[in-house]
Amino acid sequence: MSRADLIKPSATMAISDKAKELRKQGKPVIDMGVGEPDFTTPSHIVEAACRALKEGKTKYAPVQGIPELREAIAEKMRKENGIDVQENSVIVTAGAKYAIYLAMQALIEQGDEVILLEPAWVSYEASVLLAGGKPVFVKHDDDFRDVNIEDQITEKTKMIVVNSPNNPTGVVYSKEFLKKVADLAIDHNLFVISDEVYEKIIFEGKHRSIASFDGMHSRTVTINALSKTYSMTGWRIGYAVASDDVITKMRKIQSHSTSSPTTFAQYAAVAALKGDQKCVEDMVSEFGKRRDVLLKGLKKLGYRFAPPDGAFYVFMDTGINGEEFSKRFLEEYYVAVTPGTGFGKSYPTWVRVSYATSMENIRDMLVRLEEFRNAYN
Ligand SMILES: Cc1ncc(COP(=O)(O)O)c(C=O)c1O
């Protein structure tokens, strides 16, 4: 079997494509399947990119990323995440997705087992498979805050992937849970990939980087990106922070694949990280208002959902088959949501609803959801 035959196209992209097709046909589509902020990139970031272009920053960049950006990331890591690193420990990549791909290519050997906490973001499984590894899905407890990882560790286990704030659940893991993962990683000599792309979008709880825990820096690859925080999904700037040894391996693979992320986009990323952070606060505050309206509406309709502490998703139980729900809700009521099966097999009746859309759309979606529920109950 070829490598490509091992993986399926991304479930979230598939829904988005269908929603776009219906919109093209003139249907009043509300897309709540999306995984990207609906805000424009802040103007000072766009201006920095224009400036970089005019200054001729249009040639190849260093494979690991421009030094200014790596320094800005290392400084952020020291100040905000409690990870004591210098720029050598940072690699800039084409989005967080490529950082995850590179980390797995660098660390996983054929047949290694990688523990994924289910429901898990769509691309972890594909990245493990493409690296020759074996994904081992472990279901969360009913409250989505804990996972019984210990029983799944075997001699072949190489890595645990954690993602907090979580996509699709929205859960922000507690210090105790992260400490448990850290202790297991140390006891069993495992790597951890910690995907922190939603770190700034938090409404309940506090973000903690597992790499800041004692003994964890050398075994953790911390993944982040500018995509969600600064509404820069299309700029494709992400990064990984890890031990120099791991970064060297990732750099080698990047040098023979993408060479580096786009040069002028990296200058814009420096402006984003070093500039005024009010744009982030404003965006999070708007997400918070939308979240409140959505949660109130869903509760009123009697839906059950995972604790929506952060990110911009609500993972809810539809009470019927989630794929069927998503299909009918889109085809008959023109609302796109993502079926839970896109995130693993254990949540067949659940769907992920993204509130990265306008307040007006959220209110309208709640009306359509009530009609849908009444029609099918
Ligand atoms: C949990 C998680 N990790 C990584 C990514 C990928 O981010 P990027 O667009 O920077 O590649 C996403 C995007 O949806 C995500 O939800």
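Ala, Val, Leu, Ile, Met, Phe, Trp, Tyr, Cys and Pro count here as nonpolar, Asp, Glu, Lys and Arg as charged, and the others, Gly among them, as polar. The model is predicted: local features need pLDDT of at least 70, side-chain atom pairs count only at pLDDT 80 or more, and totals for chains, interfaces and linings use all residues. Residues are numbered from 1 along each chain as its sequence is written, and side-chain values use heavy atoms, with hydrogens and water left out.

**View 1. The shell around the ligand.** Six nonpolar, four polar and four charged residues form this shell. Of the 14 residues around the ligand, the nearest are Asn167, Asp195, Tyr198, Ser227 and Lys228 (a residue is near if one of its heavy atoms lies within 4 Å). With three residues, helix α4 (residues 95–107) contributes the most to the shell; helices (H or I, at least four residues) and strands (E, at least two) are DSSP runs, numbered from the N terminus.

View 2. A polar side-chain atom of Ser227 is 2.6 Å from an oxygen atom of the ligand. In the side chain of Lys228, an N or O atom also lies 2.6 Å from a ligand oxygen. From Lys97, a backbone N or O atom is 2.9 Å from an oxygen atom of the ligand. The protein buries 92% of the 400 Å² that the ligand exposes when taken alone (Shrake-Rupley method, 1.4 Å probe).

**View 3. Two cis peptide bonds.** Glu118 and Pro119 are joined by a cis bond with omega of about 5°. Pro119 belongs to the loop between β3 (113–118) and α5 (122–130). The bond from Asn167 to Pro168 is cis too, with omega near 20°, and Pro168 lies in the loop between β5 (157–163) and α6 (175–188). Most peptide bonds are trans.

**View 4. Positive phi at Ser231.** Phi of Ser231, a residue other than glycine, is positive, near 50°. Ser231 is located in the loop between β7 (220–225) and β8 (238–241). Most residues other than glycine have a negative phi.

Conventions. Polar contact = N/O pair within 3.5 Å; in protein donor to acceptor, adjacent residues only side chain to side chain.
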